[in-house]
Amino acid sequence: MAGQTVTAELYAEVQHFYARQMQALDSRVFKTYADSFTEDGTFRHTPGTEPARTRAGIEAELVRFHEQYQGDPVQKRHYFNQIVLDANPDGTLKSTVYALVLRTRPGADRPEVWPSCVVHDVLVTGADGILVKSRDIDYDQQI
Amino acid sequence: MAGQTVTAELYAEVQHFYARQMQALDSRVFKTYADSFTEDGTFRHTPGTEPARTRAGIEAELVRFHEQYQGDPVQKRHYFNQIVLDANPDGTLKSTVYALVLRTRPGADRPEVWPSCVVHDVLVTGADGILVKSRDIDYDQQI
Amino acid sequence: MAGQTVTAELYAEVQHFYARQMQALDSRVFKTYADSFTEDGTFRHTPGTEPARTRAGIEAELVRFHEQYQGDPVQKRHYFNQIVLDANPDGTLKSTVYALVLRTRPGADRPEVWPSCVVHDVLVTGADGILVKSRDIDYDQQI
């Protein structure tokens, strides 16, 4: 299949990067999540809206977004899986990832499973490790 | 534990191979899925039935199988995980994988989670990268 | 992000280790599961309880724990994902992992999805490959 030039080493590094990023997000350490983007990174969590821009903007958007849960607490777990990486001509990396969210509410005896998403990232690699240059999320559900 | 001679590099390559294969399947690019098998590959998606044989036969079977969804659309997402690889004496690779399918119907606000499967593959590696020589799927549910 | 000194090679080896360990557990080959711990390993599957200790103790605890399913059979599938590895100063490896369990009962047409967990392992690596020195499990649900 096409696009197999990405090394196994890079593939494992991207998996590790996503795992760390998701654990930070679910622990609501938003600065760590925002710092996993480039300085000029963009993050569009809802199709058709303007993306948050810059690390400071992304962190602020996450704080704003999570205010809805203050009266309705939930523990989310983001699973990023089935990662496909393709090298872009400009040296960045196109990353297409399935994402599944589990959410457990206080007192519930089992998690809810939604939404099912596809994440479209552009990644850059360099001296600072892996960083997200842009993230756009599509949903299988209507949102 | 036994069978740990498979290299970390090959392990990551197999993960990437499966991710690409599943994204092709869920996008219904059946030729890409079929071309991820050897020319004489076999694919048995239902226990107790005859497998589809050859790339052309596998592609035709996928087209036939998906006709049922023409009046009942659904977006599936196949998650292949918990991959265990063991080297076979003949140089092929035994791959045992958990598979979970999420399916979202138009207008639904969350995905259904079924079935839970175990995939039994024989993989070959070579100049063409990784290919599936045979695939048999077991289901935890009655089907 | 911090802690990225763990190599890609080790990351893939740990993924493979967990996959093999989970397949052994779900197949109820408890000796294989217990032998994936160090001789003096500890396994605390329920917060606030005393952990099982030593391979023999862990195997015995698993046998005891699964007696509850003798009259209520279920096929579990443990998915370990989103693995984050950090090197500890003493040379061991801190591993923080999301775990999701699917369980299918005889005659059911789809799996149940619970619980959602976070696994806290200390791993050691050496001539015997990867082994678990200690495992503690947290649950998002009340149990």
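Modeller: Of the 143 residues of chain A, 53% count as buried, a term that stands for under 20% relative accessible area, with exposed meaning over 50% and partly exposed the range in between (1.4 Å probe, protein chains only). The model is a predicted one, in which local features need pLDDT of at least 70 and side-chain atom pairs count only at pLDDT 80 or more, while totals for chains, interfaces and linings use all residues. Residues are numbered from 1 along each chain as its sequence is written, chains are lettered from A and ligands numbered from 1 in the order in which they are written, and side-chain values use heavy atoms, with hydrogens and water left out.

Chain A has three helices and six strands, where helices (H or I, at least four residues) and strands (E, at least two) are DSSP runs numbered from the N terminus. Read from the N terminus, their order is α-α-β-β-α-β-β-β-β. Along the principal axes, the C-alpha atoms of chain A fill a box of roughly 45 × 30 × 25 Å. Contact here means heavy atoms within 4.5 Å; among contacts in chain A between residues at least 6 apart in sequence, 49% join residues at least 24 apart.

Now to the rings. A pair of aromatic rings is described by the distance of the centres and the angle of the planes. Rings of Phe, Tyr and Trp (its six-membered ring) pair if their centres lie within 6.5 Å; planes under 30 degrees apart count as stacked, over 60 as edge-to-face and the rest as tilted. This rule gives 21 aromatic pairs over all chains. One of them joins Tyr33(B) and Phe37(B), whose ring centres are 5.5 Å apart and whose planes stand at 50°, so this pair is tilted. Tyr33(B) is buried, at a relative accessible area of 1%, and Phe37(B) is buried as well, at 0%. A tilted pair is also formed by Tyr18(C) and Phe80(C), with 5.2 Å from centre to centre and 50° between the planes. This pair links distant parts of the chain, since Tyr18(C) belongs to helix H1 (residues 8-26) of chain C and Phe80(C) to strand S3 (residues 75-87) of chain C, 62 residues apart. Both Tyr18(C) and Phe80(C) are buried. In chain A, Phe17(A), Tyr18(A) and Phe80(A) make up one aromatic cluster.

Rings also have charged partners. A charge sits over a ring if NZ of Lys or CZ of Arg is within 6 Å of the ring centre and within 35 degrees of the ring normal. In chain B, the charged end of Arg103(B) is placed over the ring of Trp114(B), 3.7 Å from its centre. Between two chains, the charged end of Arg77(C) sits over the ring of Tyr98(B), 5.0 Å from its centre.

Phe37(C) brings in another residue, as it is among the contacts of Thr42(C), neighbours within four places in sequence being left aside; others include Pro51(C), Ile58(C) and Ser134(C). Thr42(C) lies in strand S1 (residues 37-44) of chain C and counts as buried at 16% relative accessibility.
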